[in-house]
Amino acid sequence: MNRRPRRNRQTEVIRNMVQETSLSLNDFIYPLFIIEGQNQRIEVKSMPGINRFSIDTLLEEIHTCVELGVKAFAPFPGIAEQYKDKTATESWNPDGLFPRAIREIKKNFPQVALFTDIAMDPYSSDGHDGIVENGEILNDETLEVLGKMALVQAQAGADVVAPSDMMDGRIGHIRRVLDENGFHKVGIMAYTAKYASAFYGPFRDALDSAPKAGDKKTYQMNYANSREALVEAELDTAEGADYLMVKPALSYLDVIKLLRDNSNLPIAAYNVSGEYAMVKAADQKGWVDGEKIMVETLTSIKRAGADIILSYFAKEYAQYLKK
């Protein structure tokens, strides 16, 4: 045999030398959950190792992560029920939980990058990403809310706003609102291919943001489709997106690859709560080696073409690198 591929696998030094995909902490954004109160650190039962933080303990957690080398964060607010209404008015309250948290994070850690969520569901009494009228999700009326939300977050110090709502035209509308108010430097990470997935369950448990009625299939994508992601990517790019995201990640590695092959924008992938929870549950049962699965999983997302990975494993991966 003239060709023996195993020759390039004989030693660890050679294997590392020819390795095609490498992970770095520069690749990661760490999602965090914020709640009201003081000295609160409450574990999300369906996501072992992940907590809801009041702003004071959130700052402690970010300090720990920064010391480990994590440099980018995606905070998500858990809004108390009394602040929710049909038009999500709390989402553009400059003194609300989320803008206050953004300001405190940037004041204490000006060096970190904050990617902030734009969507109505945490603030909506209907639990949907858009205004609901007679059972229908209103697209264009929702854009006004999203624009107000993006502006308040930019004013608070967000580096990049990340619309996760999947309303048509929201990237262009948000870009105009930001530019008209002088926030030309604030980027937009579009949730370009966000699928109507069952993998979001633990996230909705963490924030109590599940729909009160119906589902999200009229705006989130059908998980049977991949070419449709190219349509969304083309629109988001034309409207001014700075990053394109695929969510979830593991069941959509082909979509990550598809966008990578058809776009010159940075591609992000969200390794979502259900993907995290399954690994943790199997590890706790002793059925798999959770640490090895974590590294293999994250590497597969990077190998598929993601430049950026949002993952609840980010802190744990940083700790793994310190070993």
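**Exercise 1. Find out whether K86 is buried, partly exposed or exposed, and which residue pairs with K86 in a salt bridge.**

Step 1. K86 has a relative accessible area of 44%. Buried means under 20%, exposed over 50%, and partly exposed in between (1.4 Å probe, protein chains only). K86 is therefore partly exposed.

Step 2. A salt bridge needs a side-chain nitrogen of Lys or Arg within 4 Å of a carboxyl oxygen of Asp or Glu. K86 forms one with D126, and their closest N and O atoms are 2.9 Å apart.

Step 3. D126 lies in the loop between β5 and β6, and K86 in the loop between β4 and α3, so the pair ties together parts 40 residues apart in sequence. (Helices, H or I with at least four residues, and strands, E with at least two, are DSSP runs numbered from the N terminus.)

Step 4. With a relative accessible area of 16%, D126 is buried.

A word on the model: it is predicted, so local features need pLDDT of at least 70 and side-chain atom pairs pLDDT 80 or more, while totals for chains, interfaces and linings use all residues. Residues are numbered from 1 along each chain as its sequence is written, and side-chain values use heavy atoms, leaving out hydrogens and water.

**Exercise 2. Work out which helices the salt bridge between D236 and R170 ties together.**

Step 1. The closest N and O atoms of D236 and R170 are 3.3 Å apart.

Step 2. D236 sits in α7 and R170 in α5, so this pair links parts 66 residues apart in sequence.

Step 3. D236 is buried at 2%, and R170 is buried at 3%.
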